[in-house]
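Here are my notes for a colleague opening this structure. Please read them with the model on screen.

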Amino acid sequence: MTARPMLRPLACLLLLLPLLATLPAKAAMMERDGWKTVSTQYSYADLVARLEQAIADNKMGLVARASATVGAKKMLGKDIPGNTVIGVYRPDFAVRMLEASLAAGIEAPIRFYVTENADGTASLSYKTPSHVFAPYEDGGQALKDLAAELDGIFAKIAADAVSD
């Protein structure tokens with residue numbers, strides 16, 4: 001067998017290498033419709049702690065937590081970049097939400113998402129409550145008003161978590 005048949009795939013690979021070099025090593029969180037995303041200078045662990053404090057400072061409840069990072073390590077023995085989903089809500093908001101739309105109850109708690117970036121920093125993302133509750137037209141103005149109120153609270157929590 002001659003080396004000639006190997007030249008074509010090798011030539012293709014050499015042509016593609018410069019293109020591959022322009023791709024990010026790991027996709028970072030990016031803006032999506034209805035989402036807010038903030039890149040920070042904080043480490044993943046620091047941003048999680050800052051978010052927890054901001055939730056408490058804004059009189060909201062941290063009612064759920066899930067981390068693929070912890071699960072992958074514990075169940076698979078695999079290390080993956082940090083990511084944690086933190087569900088935030090409060091009983092008085094739950095009552096008002098359910099009075100407006102029983103179906104909207106599946107959306108509570110509303111979540112923040114902390115992700116570790118390739119450079120060791122972390123990003124904070126969340127869907128705005130107005131975006132989360134938009135599909136529930138049965139909730140009428142009461143649900144829209146609740147979502148707008150929560151928009152302000154979630155924006156404040158995020159700002160407090162990422163500020164210097």
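Predicted model: local features only at pLDDT ≥ 70, side-chain atom pairs only at ≥ 80, totals over all residues.

1. Is Trp-35 buried or exposed? Its relative accessibility is 19%. Buried means under 20%, so Trp-35 counts as buried. This residue lies in strand S1, which spans residues 35–43. Now find Tyr-126. Trp-35 and Tyr-126 are 91 residues apart along the chain, yet their C-alpha atoms are separated by 5.5 Å.

2. Next, the chain as a whole. The protein chain has six helices and five strands. Along the sequence they follow the pattern α-β-α-β-α-β-α-β-β-α-α. Of the 164 residues, 34% are buried. Take the contacts between residues at least 6 apart in sequence: 68% of them join residues at least 24 apart.

3. Look at the sheet. Five strands make an open sheet in the order S1-S5-S4-S3-S2, and the pairing is antiparallel. Which strands stand at the edges? S1 and S2 do. Each has a single partner strand, so one side of each lacks a neighbour in the sheet. On average, neighbouring strands are turned by 25° against each other, direction ignored. As background, strands of a sheet pair through backbone hydrogen bonds, either parallel or antiparallel.

4. Six bridges join S5 to S1, and the two run antiparallel. In that pairing, Val-38 stands opposite Leu-124, and Thr-37 has Ser-125 of S5 as its bridge partner.

5. S5 also pairs with S4, residues 110–116. This pairing is antiparallel too, over five bridges. Glu-116 is bridged to Ala-122 in S5. S4 and S5 form a hairpin, with four residues between them. In the turn, Gly-120 has a positive phi of about 95°.

6. Now turn to helix H6. H6 packs on the sheet and touches S1, S3 (83–89), S4 and S5. The direction of H6 makes about 175° with that of S5.

7. Helix H6 also meets helix H4. The axes of H4 (residues 91–100) and H6 (residues 140–162) come within 9 Å and cross at roughly 150°. Angles over 145 degrees count as roughly antiparallel, which means H4 is roughly antiparallel to H6. The crossing is left-handed. From H4, the contact uses Phe-93, Arg-96, Met-97 and Ala-100. From H6, it uses Ala-142, Leu-143, Leu-146, Glu-149, Leu-150 and Ile-153. These contact residues divide into eight nonpolar, no polar and two charged.

8. Two backbone details to check. Most residues other than glycine have a negative phi, and most peptide bonds are trans. Where is Lys-59 found? Lys-59 sits in the loop between helix H2 (44–57) and strand S2 (61–66). Although not a glycine, Lys-59 has a positive phi of about 60°. Its relative accessibility is 61%, so Lys-59 counts as exposed.

9. The other detail is a peptide bond. Ala-108 and Pro-109 are joined by a cis peptide bond, with omega about 0°. Pro-109 has its place in the loop between H4 and S4.

Terms used. Residues numbered from 1 in each chain as written. Heavy atoms only, no water. Axes fitted to C-alpha atoms, helices over the stretch in contact; angles between N-to-C directions. Parallel < 35°, antiparallel > 145°, perpendicular 65-115°, else oblique. Left-handed = near helix turned anticlockwise from the far one by under 90°. Contact = heavy atoms within 4.5 Å. Nonpolar A, V, L, I, M, F, W, Y, C, P; charged D, E, K, R; others polar. Pairing = 2+ DSSP bridges. Buried < 20%, exposed > 50% of the residue type's maximum accessible area, 1.4 Å probe, protein only.
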